[in-house]
Amino acid sequence: MQTKNQVRVIIPATTANCGPGFDTLGIACSLYNEIELELTDSRNLTDIKVLGEGSGNLPVNSRNLVLRSVRAVLDKAEFGETGVRLILRNNIPLSRGLGSSSAAIVGGLVAANAIIGNPFNKDILLDMATRLEGHPDNVAPALHGGFTISVQQEQRVTCLRLPLPSELRLVVCIPDFGLSTRKAREAIPGSVTHKDAVYNVGRTALLVGAIASGRLEYLSDALVDKLHQPYRAALIPGMLDVFEAGREAGALGVVMSGAGPSLMAYVVENEETVGEAMVKAFAKHKISSRYLSLEVDYNGARITDPA
Ligand code: HSE
C-alpha cells in the first residue's frame with residue numbers, strides 16, 4: 001500500500017428521507033465540512049482540533065466520530081498502531097437534520113482510506129459508514145454525491161445514484177434549536193397501518209420517477225409522507241405552517257430534512273421568496289431561523305490537496 005502523511009477531505013451536507021423515502025432517499029447539498037488527517041509516529045497521540053460548528057461541544061477524545069471512523073478503517077486494514085492528528089473545519093450545523101454525523105463518518109473513512117493507499121472501494125466504505133450511522137440514507141449521498149436510493153440487506157447496502165434535473169434547487173430553513181436524531185426516531189411508532197405504508201410506497205415511487213424523468217410537476221404530489229413527519233411534527237413548532245408558507249411562496253414541496261428540525265423546500269425559482277416566507281412562518285411560532293439556498297453536490301466526499 002502506498003501511504004501518505006496527510007490528506008484533506010471535503011464532505012457535503014445531506015438531506016435524507018426527501019419526504020416519503022424514510023431511511024432510503026438522500027441528496028448531497030452544497031454545504032461542506034473539511035477534515036485534515038495526519039498519521040504520526042507518536043503511537044498514543046490523538047490530537048483533534050474542531051473549528052466552526054461544534055467547536056467547544058464535540059468530543060476531542062476517543063468518542064469523536066471522525067476519529068472512530070478513521071480508526072475503523074485503520075483497524076480493518078490492520079494498519080497497526082499510529083498517532084492521529086485531525087483538524088475539523090465544520091460548516092454543517094449539528095443536530096439540524098443536515099447530515100453532520102454522516103459527514104463526520106464518511107469524512108473519517110474516506111480520509112483514512114486515502115492516507116493508507118485506498119485499500120477499500122466505495123461499496124465497502126458505504127457498508128462501514130452505514131454500520132456506524134445505523135441507516136444508509138445520509139451516508140450514501142455524503143459518499144457518492146447526487147441523489148441516492150439506498151436499501152440495506154443484512155450487512156450490505158445496495159445504492160443507486162441518479163442525476164437530478166438541473167433546474168432543481170434546495171432552500172433549507174434552519175431553526176435556532178437542535179433536535180437529536182435519537183429523539184426524533186423515538187417519536188415514530190414501531191408499526192404503521194397498511195394504508196399508510198401504501199401511501200408512502202406510491203409517493204416514493206412517484207418521487208423517484210419524477211426525478212428520473214425530469215417531470216418536476218409531479219413533485220408536489222410526491223413530497224408528502226405518513227411514516228415519520230406526522231409523528232415528529234410536535235417536536236418542531238410551526239412545521240406544518242412552514243410547509244404551507246413555502247409552498248404558497250412557490251416551492252414545489254416542503255419536507256423535513258432528515259430527522260429535522262430543518263425544513264427543506266424543493267424549488268425551481270423564487271428561492272429568496274420561499275426562504276423568507278419559511279423564516280417568517282417559523283417566527284409566528286416564536287422560532288427564529290435562517291435559510292440557505294443550496295445546490296445539489298455531485299461529487300460527494302473528495303480528497304483535495306493538503307493545505
Ligand atoms: N432517516 C433518518 C431519520 C435520517 O429520519 O431518522 C436522520 O439521520
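Predicted model: local features only at pLDDT ≥ 70, side-chain atom pairs only at ≥ 80, totals over all residues.
Local features need pLDDT of at least 70 and side-chain atom pairs count only at pLDDT 80 or more, while totals for chains, interfaces and linings use all residues. Residues are numbered from 1 along each chain as its sequence is written, and side-chain values use heavy atoms, with hydrogens and water left out.

Trainee: What area is buried between domain 1 and domain 2?

Mentor: Buried area is the accessible area (1.4 Å probe) that two parts lose on being put together, summed over both. Carbon and sulfur atoms give 64% of it here. The total is about 2,200 Å².

Trainee: Which three residues supply 29% of the area that domain 1 buries against domain 2?

Mentor: No other three residues of domain 1 supply more of that area. They are Pro20, Phe22 and Arg96.

Trainee: Which side chains meet in a salt bridge at 2.7 Å, N to O?

Mentor: A salt bridge needs a side-chain nitrogen of Lys or Arg within 4 Å of a carboxyl oxygen of Asp or Glu. Between domain 1 and domain 2 the count is one. With N to O at 2.7 Å, the side chains that meet this rule are those of Arg185 and Asp23.
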